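Dear colleague,

Please find the structure below, together with a short account of what was computed from it.

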Amino acid sequence: MSTSSLTAKTVVVADDTAFVRDRFQTALEGAGHKAISVKSAAELLARIRTDINTIDLVVLDLRLPHAPGVELVRSIRRLDDGRLPILVFSGTIASADEVRELASL
């Protein structure tokens with residue numbers, strides 16, 4: 001299947017590290033998708049509020065500053081009614097309970 005037969009998706013990448021955002025953006029755009037980079041929880045929530053109908057996926061660093069991961073996912077769910085797929089990544093996982101809680105959201 002060629003990339004031209006795929007539908008381009010809009011992916012929001014939320015990470016406070018520029019290098020990580022840039023790597024995701026390069027990979028997504030190289031695959032024919034649109035990448036929107038944000039560096040904070042506030043920026044992410046504002047982008048979701050504004051563009052919820054055009055976003056296909058959120059790639060979320062679980063350890064954004066000033067935004068506990070589970071609470072941030074809850075905030076997204078209050079805005080999107082469970083509609084947006086969220087891919088969570090992190091260098092550290094606090095506990096199995098955190099994983100279970102995220103999975104339930």
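A contact here means heavy atoms within 4.5 Å. On that basis, residues 24 or more positions apart account for 73% of the contacts in the protein chain with a separation of 6 or more.

Please note that this is a predicted model, in which local features need pLDDT of at least 70, side-chain atom pairs count only at pLDDT 80 or more, and totals for chains, interfaces and linings use all residues. Residues are numbered from 1 along each chain as its sequence is written, and side-chain values use heavy atoms, with hydrogens and water left out.

The protein chain holds 4 helices and 4 strands (DSSP runs, numbered from the N terminus: helices are H or I with at least four residues, strands E with at least two). Their order from the N terminus is β-α-β-α-β-α-β-α. The radius of gyration, taken over C-alpha atoms, is 14 Å, close to the 13 Å from the globule rule (2.2 Å times the number of residues to the power 0.38) for 105 residues, so the protein chain is as compact as a globular protein of that length. The C-alpha trace spans about 40 × 30 × 25 Å along its principal axes.

Strand 1 (residues 10–14) pairs with strand 2 (residues 34–38) in the parallel sense over 5 bridges; pairing requires at least two bridges found by DSSP. Within this pair, A14 stands opposite V38 in strand 2.

Of the 105 residues, 34% count as buried, that is, under 20% relative accessible area with a 1.4 Å probe, protein chains only.

Yours sincerely

Terms used
Buried < 20%, exposed > 50% of the residue type's maximum accessible area, 1.4 Å probe, protein only.
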